[in-house]
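Please walk through this protein one part at a time, with the chain open beside the text.

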Amino acid sequence: MTLDPTLYETFTKNHSTMPEPLPIPSPPGLPIFGNTREVDPELPVRSFMHLHELHGPIYRLSFAGVPRYFIASHELMNEVCDEKRFSKHIAAALQEVRNGVHDGLFTALGPEERNWGIAHRILAPAFGPLSIRGMFDEMHDIASQLVMKWARHGPDHVIPTSDDFTRLTLDTLALTAMNFRFNSYYHEEMHPFIDAMGAFLRESGDRSRRPAVTQMFYREAQRKYEEDIALLRKTSDDVIKARRSHPSDRKDLLNAMLNGRDPKTGEGMTDDSITDNMITFLIAGHETTSGLLSFAFYYLLKNPAAYQKAQQEVDSVIGKDPINVDHLSKLPFINAILRETLRVWPTAPMISFTPKKDELLAGKYQIPKGEAIVAVLPTIQRDPLVWGEDAAEWKPERMLDAEFERVQKEHPNCWKPFGNGMRGCVGRPFAWQEALLVVAMLLQNFNFSMSDPAYTLGIKQTLTVKPKGFNMRAQLRNQVTPTSLERSLASASLNPPAALPTKGRSSGAAKKPSINGKPLAIYYGSNTGTCEALAQRLAGDAPSYGFQAQVGTLDSAKENLSSDKPVVIVTASYEGQPPDNAGHFFSWLESLKDSEMDKVSYAVFGCGHQDWAQTFHKIPKAIDDMLEQRGGQRIVEMGKANAAAGDMFTDFETWEDQVFWPAMTKKYGASDLPEGESFDASLNIEVSAPRASTLRQDVMEARVVDTKVLSTPEVPEKRHIEISLPSDQAYSSGDYLAILPLNPKENVHRAMRYFGLPWDSMLTISTAHPTTLPTDLPIPAADVFGAYIELAQPASKRNLLALAELTKDEATKAELKRLSGPEFTTEISTKRVSLLDLLERFPSVTLPLGPFLQMLPPMRVRQYSISSSPLWNPSHVTLTYAVLDQPALSGQGRHVGVASSYLSKLETGDKLHVSVRPSHQAFHLPKDAEKVPVICIAAGTGIAPFRGFIQERAAQLGAGRPLAPALLFYGCHSATTDDLYPAEFARWEAMGAVSVRRAYSRAPAETNNCKYVQDRLWADRREVVELFDQGAKVFVCGSRGVGEAVGVAARKMWLERARELGKERGEGDAERWFEGIRNERYATDVFA
């Protein structure tokens, strides 16, 4: 029996078993303008990524009545890459770019445009392996210009990374493609073609976001737009005419376009098409590759182990020989670095598709024929279902050939930075060879460091994306000089002449003082500034012992550790890892195998906090041991300071005075200075009238939007502040905001009063020694006291002894010496007695202003957990903090917290200096929010990061995204005094974003007789264990006591659960289990 096809089609049409399409999430828009306000015009891709966090894998936006569908999962991306069902879509900015390049390869609508087919078939062979290989010498020519520019500028030059890489890639394209030299490295100003191209791209982007009806009001912009297009085309036409007038047999792109014939039609390219594609190559080729190189070096500098591995690969494969094209195929790790960089930040971050007929995407989302589907690649390529929970992290090992091929096979189309199929990037082999060459040459010849080790990645966007404000410094390796390097790049080996060894000065080194002394090198590793302050203090003390010190970061000592002078290293550990400016040094040290340090004499001082028992002093101990194992000569045993004891400066000075300097004097000889100088009197102060100020560079200006008090007067004050971030700062829930505070005004008044300074006093500070104070320019005295020094820093033993020498009153002298002895901890350190307190308590002491400033450490940033989510507002953050203001234990006035007092005095509209700092990778919401439950535990203002977490979950639920359950355990005094944000949490709880379990210490009867948060955790342990068994992540934030108590409760729960399952387990087993889940499924943020 045969079924009539017509009847079959009718039957299936009327009795379809296809599911009903699901509604596609779409935020409400405005009439005419649609969803324009949802998108940041400066950084659209960030807005689209945030909207995916809010709505999930697909959503719909409308711009001026035109709908666009945005996708952000591998599942959907894999489907739209099917060229039988979907094709490339030219929309928005690219549609405007067609005004200048028409149907060039990048902007053509597709095979329906005849010129695209002819150009594609002619040019594809020009990008074949042999052709690209033949371009190596000219690529090397331009790369050598970049290398020599950086070498001649020296190690202190701040490299504008993206700008210099843009010059590189543009010049490379112009030379290899058409034998034209822009010579960008020989002019401060760019060639007019470059300026016109940049302006053309910017205006194309702007035009795409304007409703068509408004375009008539942009007459001046339209005139400039047309002029830029005319200049681009004239320059290209002139190059074509010049080649036709002077033909050559170069096998470059221009000759391919001029002389090539389409194998299908036999036709050549028209002059207009040649011009279109010349401009297209310059636009598409230089921007993407320069962005790739910029991102790659950012991630290398943020990941010292990968940097070290890449440099070792270059040294092993190429060594000191000139690089050649055959080397490039032998660099698998650098290959993986480029792949991983393009996975995390594809420089062309979005590509568009359109269905060839009405489609039901993923079997549930209806997309009409011809509509735009925008693939947001940074989110798609971080899909945790493909790459795991750490998908947002940069890990090049996952991109080594075997692993890359496995992932591509299991998850097709999960890595698409070069586009898709027939419309993929024809110039990919060109870009890859250029990027491999440049990375290898730069790692071969330089050691790099970040200009600002605290830099956090900012993004700038035109048609492509690049790091914003990312600067580096470059120091030549292997004692090579610029002169010898220039010769070697031409032909010779990189081995330096024996008579020409030089060492570049580190980026952090102080200017060489004019006074004599034995040389001493001091290197520090520091994130918060404490170790840097200790290093500067040691350098300031050095002249008193006959030494002249230079200070630099540990990274500046990589491959350059001094062997002709003693070396002191002051460093800390951060969660078991080196500080940001020490990671490359540490990786290099780990890589050494023999006795490379046999000429190095060294001493190490380590800072740490005993609460992090597993990593306490881990990095300083490792450096101390590795230097000895590699042949170094230890001057003294490693010094140690414990932040938990509260007085690292005294620990350091005790080691310095009683251990380090006596050993240095014994080994190198005594000071030539007169005896009796126990403080540095070389800081000279002039009082003058002009006004000036200086700003710190590691923070940026922000603005206060709102402030409010959250608690009642019966308890210590808790406050809320909302801050508008600098334009290029972005954050994630759980991150920190670093605040550069000012000292409380009452303390500044006290200092001004003590030194008898009128309020309009100006100080001009000069010194021959390293200092963090502003020097050689007049600055208000109030600014020096308020902004540059820690006035409330507890006095050290050395401070007390120095003051004892400055008084003639014997009773005062005896009391100061007594306080510097066994009574120091209880009477000075514990009571936080400051130097200023002592000067007021002992009026017979006369301390000059210079030594006073020199004795105090520099002002440091304080970090606060951000209490908001970027899904609430990506450009604003909130902080939730307690104000420290209580009677001073010393009996002198009040003890006022520097940062909390500063924040509490700010009002709406005030400016402050801040920087976003990422938290530990474990302290972020799980990527697979639909499947992984969350358990948050906090007390007091420890609720801050969890307000951000729950705010984010509420936004996702509000946008229709399903989520796994969440519990919040929270402890405070009572419901009426300091239960923070109760209305918000009630609203979020009603939405299903969280279930809140409270514990009131002053009203436990209201919270199931649970007094503290750990009590409530234990009371509700059945639910906690159930969620944990489902894969929940646990987060804890609060004081050290809270962290310890919650840890005890967690181990008790595990033991109880083990007994229920019939397993015999003891305390040791519980401890091992607990340590095994820390920083994986159990993340803490514990503060003092």
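**An enclosed helix**

Of the 12 residues of α2, 10 are buried, so this helix is largely enclosed by the rest of the structure. The model is a predicted one. Helix α2 covers residues 44–55. Its buried residues are Pro44, Val45, Ser47, Phe48, Met49, His50, Leu51, His52, Leu54 and His55. From the first C-alpha to the last, α2 reaches 16 Å, close to the 16 Å expected at 1.5 Å a residue. Just after the helix comes Gly56, with a positive phi of about 100°.

**The nonpolar cores**

Which residues have the most contacts inside the largest nonpolar core? They are Trp345, Leu442 and Phe448, in a core of 133 residues. Helix α12, residues 271–302, gives the largest share of this core, 15 residues. Leaving aside residues up to four places away in sequence, Phe448 touches Trp150, Phe297, Leu301, Tyr307, Leu442, Met472, Arg473 and Ala474. There is also a second, separate core, which has 38 residues. Tyr788, Leu816, Leu836 and Phe852 are among them.

**A strand residue and its contacts**

Next, find Ser601 in strand β16, which runs over residues 601–608. Is Ser601 buried or exposed? The relative accessible area of Ser601 is 13%, and buried means under 20%, so Ser601 counts as buried. Apart from residues up to four places away in sequence, Ser601 touches Lys565, Pro566, Val567, Gln633, Ile635, Lys667 and Tyr668. Arg947 lies 346 residues from Ser601 along the chain, and the C-alpha atoms of the two are separated by 51 Å.

**A helix of 27 residues**

Helix α10 takes in residues 219–245. At 1.5 Å a residue, its 27 residues should span 39 Å, and the end C-alpha atoms are 38 Å apart, which agrees. The buried residues of α10 are Tyr225, Asp228, Ile229, Leu232, Arg233, Thr235, Ser236, Val239, Ile240 and Arg243.

**Two crossing helices**

Now turn to helix α36, residues 1040–1060, and helix α37, residues 1067–1077. How do their axes cross, and at what angle? The axes come within 9 Å and cross at roughly 115°. The crossing of α36 past α37 is right-handed. On the α36 side, the contact is made by Gly1047, Ala1050, Arg1051, Trp1054 and Leu1055. On the α37 side, Glu1067, Asp1069, Ala1070, Glu1071, Trp1073 and Phe1074 take part. Sorted by class, this contact has six nonpolar, one polar and four charged residues.

**Two asparagines in loops**

Phi of Asn1079 is near 60°, a positive value in a residue other than glycine. Asn1079 counts as partly exposed, because its relative accessibility is 36%. Another asparagine, Asn1008, lies in the loop between β32 (995–1000) and α34 (1013–1019). Here too the residue is not glycine and phi is positive, near 55° for Asn1008. With a relative accessible area of 53%, Asn1008 is exposed, since the exposed class begins over 50%.

Key
Residues numbered from 1 in each chain as written. Predicted model: local features only at pLDDT ≥ 70, side-chain atom pairs only at ≥ 80, totals over all residues. Heavy atoms only, no water. Helix = DSSP H or I, 4+ residues; strand = E, 2+ residues; numbered from the N terminus. Expected span 1.5 Å × (residues − 1). Buried < 20%, exposed > 50% of the residue type's maximum accessible area, 1.4 Å probe, protein only. Axes fitted to C-alpha atoms, helices over the stretch in contact; angles between N-to-C directions. Left-handed = near helix turned anticlockwise from the far one by under 90°. Contact = heavy atoms within 4.5 Å. Nonpolar A, V, L, I, M, F, W, Y, C, P; charged D, E, K, R; others polar. Core = buried A, V, L, I, M, F, W, Y, C linked by side-chain atoms within 4.5 Å.
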